[in-house]
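Here are my notes on the model, as numbered points. Please read them with the structure open.

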Amino acid sequence: MDNTIGNIDAAGHVTGRSIYVDDIPVMEGMLFVKVFDSPIAHGRIISIDFSAAEQMEGIVKIFSYKDIPGQNQIGGIIPDEPLLADHEVHYRGQPVLLIVAENEDTAEEAFKEIKIEIEPLPIITDPRDAFAQGKLLSPSRKFVMGDVKTAFSNCKYIFEGQTESGGQEQLYLETQGAYAYPNEHDSVKIFSSTQGPTQVQRTVARVLGVGMNKVEVDVPRLGGGFGGKEDQASSWGAMAAMVAWILKRPAKCIPHRMEDMRMTGKRNPYSSDFKIGLDGDLKIIAYEATFYQNGGAAADLSPAILERTLFHATNSYHIPHVTVTAHSCKTNLPPNTAFRGFGGPQGMFVMEAAIDHAAKSLKVDPDIIQRKNMMDNGDELPYGQIIKECQAKNCWDEATDIYNVESVKKEVEWFNTQNQFYKKGWSLMPVCFGISFTNTMMNQARALVHVYSDGTVGVSTGAVEMGQGVNSKMLQVVATCFGISPQKIKLETTNTTRVANTSPSAASSTADLNGKALLDACNQIKERLFSFIKTELTDNEDEIIEIKDEVVYINDEASIFNWKNLIQQAFMKRINLSAKGHYATPIINFDKTIEKGHPFAYHVYGTALTIVTVDCLRGTYEIDAVKVVHDFGSSMNRSVDLGQCEGGIVQGIGWMTMEEIIYNEEGKLLSNALSTYKIPDIYSVPKTLDVKFLNTDGNDMAIFKSKAVGEPPLMYGIGAYFAIRNAVLAFNPAADIAYAAPITPEKVLMALYNPVGG
Ligand code: MTE
Ligand code: HPA
Ligand code: MOS
């Protein structure tokens with residue numbers, strides 16, 4: 001395995017040559033599609049008058065729901081979301097009309113001419129309010145293990161509390177968008193910035209009322225998705241496609257940043273209750289939690305996210321008695337959706353808050369409780385899966401050892417005695433994250449490989465490159481399997497006519513699923529080539545054939561064949577040089593009727609040490625260091641994996657500290673631009689960011705034993721919340737700090753001086 005390949009997209013990105021949807025050369029006569037969205041969060045549409053707008057020069061047509069040829073329905077899991085509002089609107093930013101114009105400026109002008117009258121209805125923005133009124137997006141879920149009731153009655157200590165975690169804007173550099181043009185036989189081709197090409201295809205087919213075979217979706221790459229384009233790319237695809245299909249002209253629908261922020265869903269905020277019970281030895285005996293998920297106005301992916309919250313509710317801990325319940329609450333906000341971690345981080349935050357609360361009450365360091373309750377091989381998770389190849393303690397122990405946690409504790413304490421207006425805090429954050437789509441059916445993938453007669457190779461998979469480096473890993477799979485140079489291999493765009501019925505690139509599983517399907521395809525071609533070599537060169541079936549550096553070896557001796565002439569000869573002999581590979585993850589299963597099974601192929605583990613300094617006059621803070629031991633398995637691409645780890649950590653810190661989504665009571669997004677919504681920049685990243693690769697053999701269910709890495713590191717960022725909280729308490733031990741993230745500088749300042757005189 002060539003581990004020096006890095007990220008094959010790097011050069012294209014820094015030279016500006018990488019192609020995104022908006023870079024695709026457009027055809028003459030292209031139309032611009034602008035969305036007219038609801039200015040009110042909840043109400044009944046009394047009237048809409050767009051006659052003046054439609055009369056404007058340069059306006060081709062204005063579409064409403066009445067113009068939709070097929071179904072006005074884009075809901076992925078539950079059919080509860082119209083593409084264009086019909087009689088009611090359910091959130092501010094909900095698409096109502098499509099303004100189709102010859103150019104963008106005219107579309108902007110027409111927007112102002114549209115008159116809409118809406119009779120207001122009550123607006124709910126808080127998930128607990130929604131729950132109290134019985135407004136749920138999907139049936140509530142409950143995971144049970146053991147018997148919490150009896151267990152609590154046997155606990156020496158019981159603590160209860162409430163937590164809040166906020167939303168998070170995906171803030172992909174490339175906004176949502178699609179470019180579509182009509183094709184012959186009443187078909188349409190769409191270039192889409194989506195993690196789920198098949199989901200766009202399926203949605204467009206439904207909206208147009210045609211078969212999926214009439215809809216081709218092509219994805220060159222994304223300028224980031226982070227979950228925000230797993231399902232929410234579909235509406236933009238459908239809007240562009242509908243216009244192109246009906247008007248028989250190419251059409252582009254790409255929102256500006258502020259439109260994207262206003263109209264699309266974000267990470268689901270959660271409000272949660274916990275109850276934790278410990279024995280005299282600080283073993284956690286019982287844990288109960290109830291999660292109120294803020295789903296927004298339609299289900300989108302929230303039911304699946306809700307489920308992953310329950311799967312990760314006990315993080316890396318073994319707790320014998322657990323009851324966790326989750327409600328997906330319907331509010332008048334844009335439908336919230338996937339974001340790196342997919343509900344896992346929201347569940348883990350509550351667990352860590354419960355442990356922190358117990359530790360503070362018992363006046364012990366939280367890491368005593370964390371380490372004492374860490375899971376191990378043979379432990380059963382609340383959903384029935386038995387832990388194997390557990391690396392939780394290995395990561396923890398190695399982190400506390402190599403990063404010298406005992407002396408860090410002393411140094412922080414010493415610093416805090418020496419400084420009046422600067423205080424340091426630290427935390428340890430273990431992570432255990434399950435790898436697989438929790439919906440077993442989705443764990444499948446396919447790949448298509450063509451070896452051309454000159455020996456070069458074209459590769460298509462269902463994987464979408466969104467910056468996470470999956471194409472680099474796919475290239476490595478082919479180069480390794482065929483024993484050829486990466487220079488000979490081209491990664492094609494992700495396209496539904498070449499690879500069909502794809503699962504979205506998500507759940508950190510893209511490289512595993514598509515890599516294994518790709519390996520299957522390459523192995524089929526290799527087997528055909530090897531049997532051809534045997535018929536040409538040897539009668540002995542037992543000869544060992546290998547291709548190394550494009551030379552064919554037989555029993556370790558170079559043969560007359562190299563890759564190029566082998567392919568030429570094989571082609572002359574009419575050997576099939578193309579193959580379609582398929583992979584479906586074995587073993588995994590889950591029975592929702594009893595909420596038990598073995599949903600994950602494997603788990604990824606790690607531990608992060610976080611150290612911060614709070615400026616106690618200003619309430620600002622710096623992250624001094626995040627030091628991690630992470631279980632990559634046997635990493636097949638160390639620089640891509642390290643990049644994923646670093647990016648995930650910083651994104652997790654952003655969620656927990658500075659990124660604050662604010663809607664007012666009218667459901668209006670106030671943090672609606674990059675001036676009011678702050679994401680981590682080069683100045684706010686940790687001054688030190690160390691990542692140690694845990695030394696293990698890896699797991700066979702992972703591609704080349706290289707474990708999935710996309711999401712798990714994000715949850716190390718939760719450590720930043722607790723480290724900052726601890727630093728504030730060092731300044732003001734009497735501070736009453738809610739377990740509410742993000743812990744923004746504003747909240748820190750309030751806590752430092754509340755109650756006054758701390
Ligand atoms: N990294 C970059 N650069 N851009 C992204 O959009 N998405 C994240 C993660 N890392 C993302 C990323 C999310 S949400 C997931 S699920 C995984 O990558 C998806 O890719 P993978 O399955 O190949 O890990
Ligand atoms: N993770 C990410 N995306 C998903 C999942 C999941 O488990 N299920 C459906 N979409
Ligand atoms: Mo990632 S949230 O599974 O796209």
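1. Domain bounds here come from an automatic or database domain assignment. On that basis the chain splits into three parts: domain 1 (10–121 + 171–263), domain 2 (270–438 + 593–752) and domain 3 (444–584). Keep in mind that this is a predicted model.

2. Look at domain 2 and domain 3 together. Their centres, taken over C-alpha atoms, are 39 Å apart. Contact between them involves 21 residues of domain 2 and 21 residues of domain 3.

3. Ligand 1 has 16 residues around it. Gly 225, Phe 226, Met 466, Thr 510 and Gln 644 come nearest. By class, the shell holds four nonpolar, ten polar and two charged residues.

4. Now the polar contacts of ligand 1. The side chain of Thr 510 places an N or O atom 2.5 Å from an oxygen atom of the ligand. The side chain of Gln 644 has an N or O atom 2.7 Å from a nitrogen atom of ligand 1. Met 466 uses its backbone instead: a polar atom there is 2.9 Å from a nitrogen atom of ligand 1. On its own, ligand 1 has 520 Å² of accessible area, and the protein covers 92% of that.

5. A polar side-chain atom of Glu 230 is 2.6 Å from a nitrogen atom of ligand 2. Arg 308 brings a polar side-chain atom to 3.1 Å from an oxygen atom of the ligand. Thr 438 has a backbone N or O atom 3.1 Å from an oxygen atom of ligand 2. The protein covers 97% of the 260 Å² of accessible area that ligand 2 has on its own.

6. How many disulfides are there? The cut-off is a pair of cysteine sulfur atoms within 2.5 Å. By this rule the count is zero. Take Cys 481: its closest cysteine sulfur is in Cys 522, 4.8 Å away, so the two are too far apart for a bond.

7. Is Cys 481 buried or exposed? Buried means under 20% relative accessible area. Cys 481 has 6%, so this residue is buried. Cys 616 is at 0% relative accessibility and therefore also counts as buried.

Notes. Residues are numbered from 1 along each chain as its sequence is written. Chains are lettered from A and ligands numbered from 1 in the order in which they are written. This is a predicted model: local features need pLDDT of at least 70, side-chain atom pairs count only at pLDDT 80 or more; totals for chains, interfaces and linings use all residues. Side-chain values use heavy atoms; hydrogens and water are left out. A polar contact is a pair of N or O atoms within 3.5 Å; within protein, one must be able to donate a hydrogen and the other to accept it, and residues adjacent in sequence count only if both atoms are side-chain atoms. Accessible areas come from the Shrake-Rupley method with a 1.4 Å probe; for residues, only the protein chains shown count as cover. Buried means under 20% relative accessible area, exposed over 50%, partly exposed in between (1.4 Å probe, protein chains only). Contact means heavy atoms within 4.5 Å. A residue is near a molecule or strand if one of its heavy atoms lies within 4 Å of it. Ala, Val, Leu, Ile, Met, Phe, Trp, Tyr, Cys and Pro count as nonpolar, Asp, Glu, Lys and Arg as charged, and the others, Gly among them, as polar.
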